[in-house]
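Here is a short report on one protein chain.

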Amino acid sequence: MLIRVTAFGLNRSELHTRLGLAEGVTLPRVLGIEATGVVVSAPGGEFAGGTQVVAMMGGMGRAFDGGYAEYTCVPASQVVPFHSDLDPAVIGAVPEMLQTAYGSLTVGLDVRPGQTLLVRGGTSSVGLAAAILAKRQGLRVLATTRDLARADVLTRAGVDHPILDDGAVAARVREIVPEGVDAALELVGTPTLPDTLAATRVHGVVCMSGMLSNVWTVPDFYPIDYIPRGVRLTGYSGDASDLPAEVLQTFLDDVAAGRATVPIARTYRLDEIVEAHRFMEHGSAGGKLVVVPSTP
């Protein structure tokens, strides 16, 4: 189906593709694993023209052209409808950020109200979205930042305990939660994964969903030595089907009503995409970077 793109968010996986680090990418390729817009044409009749939709994953920007465009053509299976009068830039920040955060908390971690959650990479867009969702579900949230001057970004997202990340946070976490957290969301990647595992209690769960560090693998992985006794390690890499339409709609409605926030760092035009990527690569956004094409 053909979609006129009204906004799209930037993601680290697109940076990985540009740097030549991603696997399974065919070239040449228009980047962009997500997009927000309106339906222009759906030959299969899945959606009427003019329907507001988000599209994500399923090979976007990797196997076929993605959302870094004014128009994009994607499989209908990757499309989720919604209705909202929010600013296009606000909506454009949501799809992949919400899908990854929601899927990590539900599928990856299976969190429950009253639990403690550590978000490693807390000032990333997914980290902030996860904190917002977790607080709405009644969790106690700890989240890391490499610069405590940005702790206010975390507290605005509802984080109870901002933690300085100098590479070793497990001891700081256990000063707050002596037995270790119930759940931990690893967004930095494999360099910090052992320390995140060490911050988690016996029978607690660590889910690796991100690679802000650009390091994907663990060399010479020996599970018995690598994973602390009794701690459970999972991974999450989701798809559009992991974001139910009602979850997306409820979140957008909550944003419109002031019950939830969308952590946007900066908004760019399409012709500023190079500058946007440079800022993303610098790693100091503290929220989602969004591009709004200049389509009428």
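This is a predicted model: local features need pLDDT of at least 70, side-chain atom pairs count only at pLDDT 80 or more; totals for chains, interfaces and linings use all residues.

In which hand does α3 pass α4, left-handed or right-handed? The crossing of α3 with α4 is right-handed.

Residues are numbered from 1 along each chain as its sequence is written, and side-chain values use heavy atoms, without hydrogens or water.

## Angle and contact

Helix α3 spans residues 95-108, and helix α4 spans residues 125-136. Their axes (lines fitted to C-alpha atoms over the stretch in contact) come within 8 Å and cross at roughly 55 degrees. Angles run from 0 to 180 degrees between N-to-C directions. The two helices are therefore oblique (under 35 degrees is roughly parallel, over 145 roughly antiparallel, 65 to 115 roughly perpendicular, the rest oblique).

Contact means heavy atoms within 4.5 Å. On the α3 side, the residues include Met 97, Leu 98 and Tyr 102. They meet a set in α4, among them Val 126, Ala 129 and Leu 133.

## The whole chain

The chain has 10 helices and 13 strands (DSSP runs: H or I of at least four residues for helices, E of at least two for strands, numbered from the N terminus). Its C-alpha atoms fill a box of roughly 55 × 45 × 35 Å along the principal axes.

Of the 296 residues, 54% count as buried (under 20% relative accessible area, with a 1.4 Å probe and protein chains only).

Key:
A crossing is left-handed if the near helix is turned anticlockwise from the far one by less than a right angle, and right-handed if clockwise. Buried means under 20% relative accessible area, exposed over 50%, partly exposed in between (1.4 Å probe, protein chains only).
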